[in-house]
Amino acid sequence: MVSAALRSAARGPSAPARPRHPHGAGKVPSGPPGPRLDLVLAEEYPGNPQRRPAELEQRDLLDDPLHLALPPSAGGPTTELRQLADHPWVMELEGTPARHWALSVCRDAGFEPDVRFETTDLLLHLRLVEEGLAAAFLPDLVLDGQPVTAELRQLPAGRRVFTVVRRGRGGHPAVVACRDALRRAVALRTDRSREDRP
């Protein structure tokens, strides 16, 4: 049923429905996290550095490679980005760093992408690509542990994933424990990736 609904929405530029996933914009806080937030996990895309307010402390977590994900209908292994100018796209919501970066990449290639789908759910991005309904830019983390049938092309630059806390709160036991758990998860993922290589 989901596939049928997505295919219906992807009919063409004049299609009345443009599915949009109604999550928050996912921006890095411009000031200290609110009183109920101790730590924010954030991302930064190539060529789009985030503000670094003095009242926040940032700590890098990982560099996450980015990929161009091609649907089966987009052509073979020699397909270039500009050849996807007339192809439907799925992107994150307007106003997010990911959307700003993706639009910049397409515009640098000489076209304005036809964004038919908007969602912060990156697994849905992958599903739309595999169903042949859209092209997408996907970070490596979303592909982790997923059997992928889409053709992927690693891009030259990756996104930076980092944590943000209020200045002076980096030593709080809860923040330290959370950051340690995140670091261990990244290290485990890195070790698994090395083992999977031929």
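How many nonpolar, polar and charged residues does the lining of the largest cavity have, by class? The lining has 12 nonpolar, 1 polar and 2 charged residues. Here Ala, Val, Leu, Ile, Met, Phe, Trp, Tyr, Cys and Pro count as nonpolar, Asp, Glu, Lys and Arg as charged, and the others, Gly among them, as polar.

This is a predicted model, in which local features need pLDDT of at least 70, side-chain atom pairs count only at pLDDT 80 or more, and totals for chains, interfaces and linings use all residues. Residues are numbered from 1 along each chain as its sequence is written, and side-chain values use heavy atoms, with hydrogens and water left out.

## Cavities

A search of the whole structure finds 2 cavities of 30 Å³ or more. A cavity is a set of points, on a 1 Å grid over the protein atoms alone, where a 1.4 Å probe fits but cannot get out; lining residues have an atom within 4 Å of a point. Grid points are joined across faces, edges and corners, and a volume is the space filled by probe spheres set on the points.

| Cavity | Volume | Lining by class |
|---|---|---|
| Largest | About 110 Å³ | 12 nonpolar, 1 polar, 2 charged |

The largest cavity is lined by 15 residues. Tyr45, Glu92, Ala98, Ala102 and Phe137 are the closest to its centre. Elements giving two or more residues to this lining are β3 (88-91), α2 (97-108), α3 (122-130) and β5 (136-139). Helices (H or I, at least four residues) and strands (E, at least two) are DSSP runs, numbered from the N terminus.

The second largest cavity is lined by Arg59, Asp60, Leu61, Thr163, Arg179, Leu182 and Arg183. Here β2 (56-70) and α5 (173-196) each give two or more residues.

## Strand β5

Ala136 and Leu138 point one way from β5, Phe137 and Pro139 the other way. All four are buried (under 20% relative accessible area, with a 1.4 Å probe and protein chains only). β5 pairs with β2 in the antiparallel sense over 4 bridges; pairing requires at least two DSSP bridges between two strands. Alanine 136 in β5 is the bridge partner of alanine 69.

## Alanine 150

Alanine 150 sits in the loop between α4 (140-143) and β6 (151-166). It counts as buried because its relative accessible area is 11%. Leaving aside neighbours within four places in sequence, alanine 150 is in contact (heavy atoms within 4.5 Å) with Leu70, Val129 and Glu130. Its C-alpha atom is separated by 8.9 Å from that of glutamate 131, 19 residues apart along the chain.

Technical notes. 1 Å grid on protein atoms, 1.4 Å probe; cavity = no way out; pocket = protein on both sides within 12 Å on 5 of 7 lines; lining within 4 Å. Buried < 20%, exposed > 50% of the residue type's maximum accessible area, 1.4 Å probe, protein only.
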